[in-house]
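Hello,

Here is the structure you were going to look at. Please open it alongside this message.

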Amino acid sequence: MLNKTLLQGRFVREPEYSQINGTIDVCKFTIAWSEKYKETESQLFLDCVAFRTTAKFVHDFFHKGSEVVAEGWLKTEKWTDKEGNAKTKTTLQVDKVNFCGPKTTTNTAPSGSGTPDFMPMTDAEELPFN
């Protein structure tokens, strides 16, 4: 079975960073994607979670409004709420995060930081689609 997702979008809020038992870094964030065709707009708001070095990387270099390419796999969480109703939520478990969009001072990594390779998107006119 294959479960791989690649999503380009923007952070809709500041990433929430924490640690599990003071040892495992965790970062939760939401990425928004939209596409407009004629007068119809499709939107997606996807909750994401990253662990360990990826979580620290997201926390250090991405902020609300940052454009990002995130790669990972989808996971559905199941639980029962206080009223006894079954609930589900699908999240993206992020393995890799890359800078995207114009270069800004808020998403510039220090040289030699060991950040992952990425291919920046420079101009929408260079893309074969809109």
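This is a predicted model: local features need pLDDT of at least 70, side-chain atom pairs count only at pLDDT 80 or more; totals for chains, interfaces and linings use all residues.

Residues are numbered from 1 along each chain as its sequence is written, and side-chain values use heavy atoms, with hydrogens and water left out.

Overall fold

The chain has six strands and one helix; helices (H or I, at least four residues) and strands (E, at least two) are DSSP runs, numbered from the N terminus. In sequence order the pattern is β-β-β-β-α-β-β. Of the 130 residues, 31% count as buried, where buried means under 20% relative accessible area, exposed means over 50%, and partly exposed lies in between (1.4 Å probe, protein chains only). The chain exposes about 9,300 Å², and carbon and sulfur atoms supply 52% of that area. Accessible areas come from the Shrake-Rupley method with a 1.4 Å probe, and for residues only the protein chains shown count as cover. Among contacts (heavy atoms within 4.5 Å) between residues at least 6 apart in sequence, 54% join residues at least 24 apart.

Strand pairing

Two strands pair if DSSP finds at least two bridges between them.

- E1 (residues 5-11) runs antiparallel to E3, with two bridges between them. Phe11 stands opposite Ile31 in E3.
- E2 (residues 16-20) is joined to E3 by five bridges, again in the antiparallel sense. Tyr17 faces Cys27 in E3 as its opposite residue. The E2-E3 hairpin has three residues between the strands, and Asn21 takes a positive phi near 55°.
- E4 (40-51) is antiparallel to E3, and twelve bridges join the two. Tyr37 has Thr40 in E4 as its bridge partner. This hairpin has two residues between its strands, and Lys38 in the turn has a positive phi of about 55°.

The core

A nonpolar core is a set of buried Ala, Val, Leu, Ile, Met, Phe, Trp, Tyr and Cys residues joined through side-chain atoms within 4.5 Å. The largest one has 19 residues, and those touching the most other members are Phe29, Ile31, Val58, Phe62, Val94 and Val97. At least two residues of this core come from each of E1, E3, E4, helix H1 (52-61), E5 (67-80) and E6 (86-99).

Not counting residues up to four places away in sequence, Phe29 touches Phe11, Arg13, Pro15, Leu46, Asp47, Cys48, Ala50, Val58 and Val94.

Thr5 lies in E1 and counts as buried because its relative accessibility is 17%. Leaving aside neighbours within four places in sequence, Thr5 is in contact with Ala70, Glu71, Gly72, Leu74 and Leu92.

Ser66 belongs to the loop between H1 and E5. It is buried because its relative accessibility is 8%. With neighbours within four places in sequence left aside, Ser66 contacts Gly9, Arg10 and Phe11.

Regards
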